[in-house]
Amino acid sequence: MAGALYIHIPFCLRKCLYCDFFSIPYESGMEREMEKRYVNALKSELILRKDNIGTLKTIYIGGGTPSIFEAGSIARILEFINNNFGIESGAEITMEANPSSVDDEKLRALRQAGVNRISVGVQSFNDAELQSLRRIHNAAEAARALDIIKKYFGNFSIDLIYGLEGQRVEGWIRTVEAALSFAPPHVSAYELTPEADTHFGRRVKIGEAALPVEDDIVAMYSLAAELFAGAGLHHYEISNFAAVGFFLCRHNQNYWRRGLYAGIGAAAHSHLKIPADERNYTVRTSNAADLTQYLTAIEDNTLPVYETTVIDGLEGLKEDIFLGLRTAEGVSVERLREGGLDVPGLQALVENGLAQLDETRLRLTRKGFLVSNRIISSIMDRIDYG
Ligand code: SF4
């Protein structure tokens, strides 16, 4: 049974130029009607998935922009979950929010409804950069939203993006310092990736968008990591930093530890046990990334799953190595040996300052995180597929 639940709310006020998440602008005038219909669909999907969901330890409401829903809709979803599955006392309940779609009243109501962690998509504290991303908010709105969030939520995260078109190292550092002035217990800092099927990705492909050079990207990552460390935030995953203990995102840690979770909503993914399977295999499934298909399937009493992948022993091992090396916990030496890897042969990573290796675990250092793709793929290539 999964003790973690992801809920995808696929609506946004408008599409940001770099975004490849499944999100669609609300059809004007249909907002509240669609919101009601979607909430009903989520409840139906929960019932369809009842055999896979246990008492919940973490719930993550993501999107899209879940904060454009009324607080009452979020409250109804959480109440339904609690009545049907139970939510553990002390469970982590996160909701993503856009700075321009929260106000005092909504945040207070969300806190009352049980949401106890907000992840706010600030991305930058520079108005020109926000405009170039086609974000709907500006820096002043982000600051205003953070002031209100801090009033109701001791646990919150600020999401930032670096490596933006035309961005300089100094400009990025000003954004990091502005974020730290709110004393966040958690920050996520992602490098902007030009995804092929986005407006931004197409501009990069034809050479129209000038991205910072590699050395600047390295400087942005390293300097930000130092500033976060100086503010007491532990670098616990490649792109995530948190005050130790309570503030690490438990929901995401479950993903990185290859835990089970159920995902509901259009385009949501799940990782579940295969019932009565003695080999301990699991299955990863994806819901249809299409609102009409999703709603039609659910209203027809069928799960809207369009893709299923069985994770056998070898796939599970690969995932453990790949996911573990993205985190400060690293991967167990035992798992590396099960993959037929020559563990003493990994000493070169240690000598180059890219990893730490002790009797039980291999962990990448900050320098190793910077080139993690290269390290992980070289380790993957050495797995014995015998
Ligand atoms: S608000 Fe987030 S989910 Fe919506 S379009 Fe922008 S980046 Fe994508």
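1. Strands here are DSSP runs of E of at least two residues, numbered from the N terminus. Residue numbers start from 1 along each chain as its sequence is written. Keep in mind that this is a predicted model: local features need pLDDT of at least 70, side-chain atom pairs count only at pLDDT 80 or more, and totals for chains, interfaces and linings use all residues.

2. β12 and β13 (residues 282–287) run antiparallel and are joined by five bridges; two strands count as paired if DSSP finds at least two bridges between them. They belong to an open, antiparallel sheet of three strands, ordered β12-β13-β14. β12 (269–273) and β14 (305–311) are its edge strands, each pairing on one side only.

3. There's also a hairpin, which links β9 to β10 through two residues. β9 (residues 234–237) and β10 (residues 240–242) are antiparallel, with three bridges. His234 has Ala242 of β10 as its bridge partner.

4. Now for the inside. The largest nonpolar core has 80 residues, and Leu5, Ile7, Ile59, Ile74, Val120 and Tyr162 have the most contacts inside it. Strand β1 (residues 2–9) gives the largest share, six residues. Such a core is a set of buried Ala, Val, Leu, Ile, Met, Phe, Trp, Tyr and Cys residues joined through C-beta atoms within 7 Å; buried means that 20 or more other C-beta atoms lie within 10 Å of a residue's own, with C-beta atoms placed from the backbone.

5. A second, separate core has 14 residues, including Ile321, Val331, Ile375 and Ile379.

Methods: A residue is buried if 20 or more other C-beta atoms lie within 10 Å of its own, exposed if 12 or fewer, and partly exposed in between; C-beta atoms are placed from the backbone. Helices (H or I, at least four residues) and strands (E, at least two) are DSSP runs, numbered from the N terminus.
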